[in-house]
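Hi there,

Here is the structure I promised to pass on. Have a look at it first, and then read on for what I found.

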Amino acid sequence: MMKIKAFTLTISLFLFAATTFAQNKAELKSLLNKNREFIFPQTVDKIAQALNVKTVFYEDANDEKYAKWITKSGLELYSNYQADKSVNEIFFDIPEDKFLVVEGLPFDLAINKTTLKEALLKFSRHDVKKERLDAGSSFPDGTRLTMKTGTHFTTLLFDNKNLLKFMGLTTSLIDPAAN
């Protein structure tokens with residue numbers, strides 16, 4: 001009887017871990033080039049179609065227009081857009097209340113899996129700027145990496161355990177005070 005309870009407990013913990021820490025694919029293939037870089041410019045509609053999700057439109061506190069896409073994997077992509085709905089920069093994030101590993105991001109990165117050390121090695125040929133995040137940031141005691149990759153700047157944010165939590169691809173560097 002004790003062996004059955006132990007076996008049942010083991011199976012239950014395995015199923016809980018498998019669903020809680022599931023690895024997912026971002027499914028960005030048609031939005032990435034052969035070098036696994038995000039293709040710019042895009043349009044709001046092309047991104048929604050490629051991700052097979054609806055676009056959520058909203059405005060920030062400065063009345064700037066944004067589009068957001070929440071994928072089946074749990075990954076959130078968001079971007080500001082122009083009057084013609086063109087997109088020239090994009091951000092990748094996972095909601096704070098979810099611990100998901102999402103692979104298949106640009107440059108073959110994975111949120112909640114790629115480590116700071118792996119990213120530094122991957123981008124070693126770029127002029128990587130490494131900064132410590134302060135206590136008031138989204139990831140206290142984490143690290144920010146910024147670098148020029150092609151025509152865009154890539155910003156990666158890591159938590160205090162050195163796991164990738166956020167990626168931004170922008171046309172210019174974002175003021176660190178914005179994070």
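A term before the findings: a nonpolar core is a set of buried Ala, Val, Leu, Ile, Met, Phe, Trp, Tyr and Cys residues joined through side-chain atoms within 4.5 Å. Please also keep in mind that this is a predicted model.

With that term in hand, the largest nonpolar core here has 35 residues. Phe38, Trp69, Ile90, Phe92 and Leu156 are the ones with the most contacts inside it. At least two residues of this core come from each of the helices H2 (44-51) and H3 (116-122), and likewise from each of the strands E4 (65-70), E7 (90-93), E10 (143-149), E11 (152-158) and E12 (164-170). Helix H2 gives the largest share, 4 residues. Another core, of 5 residues, lies apart from that one, and Phe91, Leu133, Leu157 and Phe166 are among its members.

Now the chain as a whole. You will find 3 helices and 12 strands in it. There are 179 residues, and 42% of them count as buried. Among contacts in the chain with a separation of 6 or more, 40% are between residues 24 or more positions apart. The chain exposes about 10,800 Å², with 55% of that supplied by carbon and sulfur atoms.

Start with threonine 154, which sits in strand E11. Is threonine 154 buried or exposed? Threonine 154 has a relative accessible area of 0%, so it counts as buried. Its side chain is joined to the side chain of threonine 149 by a polar contact of 2.6 Å. If you set aside neighbours within four places in sequence, threonine 154 is in contact with Phe107, Leu145, Thr146, Met147, Thr149, Gly168 and Leu169.

Then go to phenylalanine 40, in the loop between strand E1 (23-25) and strand E2 (42-43). Why does phenylalanine 40 count as buried? The cut-off for buried is under 20% relative accessible area, and phenylalanine 40 is buried because its value is 19%. Which residues does phenylalanine 40 touch, not counting those up to four places away in sequence? They are Val87, Asn88, Glu89, Ile90, His152 and Leu169. With glutamate 89, 49 residues apart from phenylalanine 40 along the chain, the C-alpha atoms are separated by 7.6 Å.

Happy browsing, and write back with any questions.

Best wishes

Technical notes
Residues numbered from 1 in each chain as written. Predicted model: local features only at pLDDT ≥ 70, side-chain atom pairs only at ≥ 80, totals over all residues. Heavy atoms only, no water. Buried < 20%, exposed > 50% of the residue type's maximum accessible area, 1.4 Å probe, protein only. Contact = heavy atoms within 4.5 Å. Areas by Shrake-Rupley, 256 points an atom, 1.4 Å probe, with all protein chains shown as cover. Polar contact = N/O pair within 3.5 Å; in protein donor to acceptor, adjacent residues only side chain to side chain.
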